[in-house]
Amino acid sequence: MADDQNLPNAGLFVNDNLVNVYNSRLKQLISDMGRDIVLTLQPLQVDCPNCGWDFTQGRSNNQYTSNASGDNFNKSFPTGTRCPVCQGVGKLIFQRTYDYKALVGFSPPPEEFNYTEYGITPDQVVRTKTTIETFRNMELAQYAKIQGVEYEKITQPRKTGLRDDLFVLVYWKRRHS
Ligand SMILES: [Zn+2]
């Protein structure tokens with residue numbers, strides 16, 4: 001196995017120490033220099049816990065049936081009147097937003113992003129780089145507000161990093177220019 005000595009050694013130039021320095025510096029950079037972004041996920045829709053469902057009408061059956069605990073979701077009301085929790089809709093909708101720090105790159109170079117494929121121009125596109133903890137919500141997000149401007153997700157999040165995948169790249173397109 002003497003030939004092993006002639007094999008290129010990937011660890012020779014990128015050793016563990018360098019990887020650790022890179023990862024911790026980049027995390028620090030995101031935290032210190034990152035801009036605020038707000039992710040908007042698809043709203044969560046659940047059955048109203050305070051009333052029954054009218055399958056014919058596709059809405060509340062106007063009958064108090066609550067087993068929910070907590071005053072906000074348990075309000076008795078006379079049968080036949082509008083449920084005060086869901087206003088008769090029969091469903092509750094929860095908006096979901098998350099605040100993160102991200103390194104934001106405006107108009108990424110064409111070597112990095114295939115503008116032709118998406119039929120858009122560089123001035124409409126931004127790239128965000130965040131820490132790996134954001135990955136799941138980046139997958140679920142539809143929109144992001146970056147410096148007060150609304151963007152729509154155009155690529156699924158990609159894990160990235162030096163040796164270990166500790167960061168997340170996503171590309172966004174500005175909504176209605
Ligand atoms: Zn209800």
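Strand β7, residues 149-153, pairs with β9 in the antiparallel sense over 3 bridges. Within this pairing, Lys153 has Trp172 of β9 as its bridge partner. The model described here is predicted.

Strand β8, residues 158-160, is also joined to β9 by 3 bridges and runs antiparallel to it. Arg158 stands opposite Leu169 in β9. β8 and β9 make up a hairpin, with 6 residues between the two strands. In the turn of this hairpin, Gly161 has a positive phi of about 155°.

## Pairing of β5 with β9

Strand β5, residues 125-131, is antiparallel to β9, and 7 bridges join the two strands. Here Arg127 stands opposite Tyr171 of β9.

Tyr100 belongs to strand β4, which covers residues 91-106. Around Tyr100, 21 other C-beta atoms lie within 10 Å. A residue counts as buried at 20 or more such atoms, and Tyr100 is therefore buried.

When its neighbours within four places in sequence are left aside, Tyr100 is in contact with Ile37, Leu39, Thr130 and Thr134. Val38 is 62 residues from Tyr100 in sequence, yet the two are 6.3 Å apart in space, C-alpha to C-alpha.

Definitions and conventions
Residues are numbered from 1 along each chain as its sequence is written. This is a predicted model: local features need pLDDT of at least 70, side-chain atom pairs count only at pLDDT 80 or more; totals for chains, interfaces and linings use all residues. Two strands pair if DSSP finds at least two bridges between them. Helices (H or I, at least four residues) and strands (E, at least two) are DSSP runs, numbered from the N terminus. A residue is buried if 20 or more other C-beta atoms lie within 10 Å of its own, exposed if 12 or fewer, and partly exposed in between; C-beta atoms are placed from the backbone. Two residues are in contact if their C-beta atoms, placed from the backbone, lie within 7 Å.
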